[in-house]
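Have the model open while you read this one.

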Amino acid sequence: LYFVGVTTSEVPPLFVIEFLHRVIDIFEDYFGDCNESLIKEHSVVVYELLDEMLDNGYPLATESNILKELIRPPTILRTIANTVTGKSNVSATLPSGQLSNVPWRRAGVKYTNNEAYFDAIEEIDAIIDKSGSVVSAEIQGYIDCCIKLSGMPDLSLSFINPRLFDDVSFHPCVRHRRWESERVLSFVPPDGNFRLMSYHIGAQNIVSIPVYVRHFISFKDVGGGKIELHIGPKQTMGKTVS
């Protein structure tokens, strides 16, 4: 399945790629997955979503919270009701967030239990010598959030050593000026699941990785051999891992 963005004039390529990624994320949020069969099954909702996400060729609403107020996610009961009554999933009123300075969060959010979860996901690409020491390594990381807080919360997130980050990209909710001056993430989060930031740590800034790799290679006289790899977490003895 390929997604193609067509432009009539020259635009930054990453701008188009980021929008296509947003489209895929929205489809996965609405339909649970993004594949050919689901797109065919919900073709009407797909057209409605694209119509709201793009206005005369310009990205308009790309946040899941806003789109769900504009276009209700498809369910079996809603599909049957729309078929009988002839109604559509499109709301007749504008989302409350569209009229505020935080369009990624809807107004009037209430929860019985307030919860906030942060998942740090890192992919390590490393070269390790025969003694188990790291020769070079790079890390591509993500911070995914699940925020279920009432009202309009204002959160701050700090790091032990933010100078390790070579390259970062943020969700639009992050206040970029405060990050530039204090290296602190300050933001009013969207409601639900979203990716707060992505980052890259290059080989020149790498610290000890939190896993060990041990290998054993043996060869047979008649040809062939065996390779064994043992990977496990390092014992940090309660120390903080940067």
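A polar contact here is a pair of N or O atoms within 3.5 Å, and within protein one of the two must be able to donate a hydrogen and the other to accept it. Keep that cut-off in mind for the pair S186 and R178, whose side chains are joined by a polar contact of 3.5 Å. This is a predicted model, by the way.

**A serine and two arginines**

S186 has another polar contact too: its side chain meets the side chain of R175 at 2.6 Å. You'll find S186 in strand β7, which covers residues 184-187. Is S186 buried or exposed? S186 counts as buried because its relative accessible area is 3%, and the cut-off for buried is under 20%. Setting aside residues up to four places away in sequence, S186 touches D154, L155, S156, C173, V174, R175 and R178. Both arginines, R175 and R178, are on that list.

Now for the nonpolar side. In soluble globular proteins, nonpolar side chains tend to be buried together. The largest nonpolar core in this chain has 21 residues, and C173, L185, F187 and L196 are those with the most contacts inside it. At least two residues each come from β4 (134-148), β7 and β8 (192-201). Which strand gives the largest share of this core? That's β8, with 5 residues.

L185 is worth a click. Beyond its neighbours within four places in sequence, L185 is in contact with L155, S156, L157, F159, F170, V174, W179, L196 and M197. Apart from this core lies another one, made of 18 residues, with F31, I66, L67 and I71 among them.

Over in helix α1 (residues 13-31) sits F27. F27 counts as buried because its relative accessibility is 3%. Leaving out the neighbours within four places in sequence, F27 has contacts with F3, G32, D33, C34, I39, V46, L49 and L50. F27 and L38 are 11 residues apart along the chain, with 9.1 Å between their C-alpha atoms.

**Out towards the surface**

V168 belongs to strand β6, residues 167-170. What does V168 touch, apart from residues up to four places away in sequence? The list is W179, M197, S198 and Y199. V168 counts as partly exposed, since its relative accessibility is 27%. V168 and Q140 are 28 residues apart in sequence, and their C-alpha atoms are 10.0 Å apart in space.

There is also a nonpolar patch on the surface, formed by I217, F219, I227, L229 and I231, with about 620 Å² of accessible area together. Two strands give two or more residues to the patch: β9 (211-219) and β10 (225-233). Of the elements involved, β10 gives the most, with 3 residues. F219 is found in β9, and F219 counts as exposed because its relative accessible area is 72%.

Here are the residues looked at one by one, side by side:

| Residue | Relative accessible area | Class |
|---|---|---|
| S186 | 3% | buried |
| F27 | 3% | buried |
| V168 | 27% | partly exposed |
| R183 | 33% | partly exposed |
| N56 | 71% | exposed |
| F219 | 72% | exposed |

N56 isn't a glycine, although it has a positive phi of about 55°. Where is N56? Look in the loop between β1 (54-55) and β2 (58-59). N56 is exposed, with a relative accessible area of 71%.

R183 is the other: its phi is near 55°, again a positive value in a residue other than glycine. R183 lies in the loop between α6 (176-182) and β7. At 33% relative accessibility, R183 is partly exposed.

**Zooming out**

How many helices and strands does the chain have? The secondary structure comes to 6 helices and 10 strands. The chain has 242 residues, of which 31% count as buried. Among contacts with a separation of 6 or more, 59% are between residues 24 or more positions apart.

Notes. Residues numbered from 1 in each chain as written. Predicted model: local features only at pLDDT ≥ 70, side-chain atom pairs only at ≥ 80, totals over all residues. Heavy atoms only, no water. Helix = DSSP H or I, 4+ residues; strand = E, 2+ residues; numbered from the N terminus. Buried < 20%, exposed > 50% of the residue type's maximum accessible area, 1.4 Å probe, protein only. Contact = heavy atoms within 4.5 Å. Core = buried A, V, L, I, M, F, W, Y, C linked by side-chain atoms within 4.5 Å. Patch = residues over 30% accessible without salt bridge, like charges linked within 9 Å, V, L, I, M, F, W, Y side chains within 5 Å. Areas by Shrake-Rupley, 256 points an atom, 1.4 Å probe, with all protein chains shown as cover. Salt bridge = Lys/Arg side-chain N within 4 Å of Asp/Glu carboxyl O.
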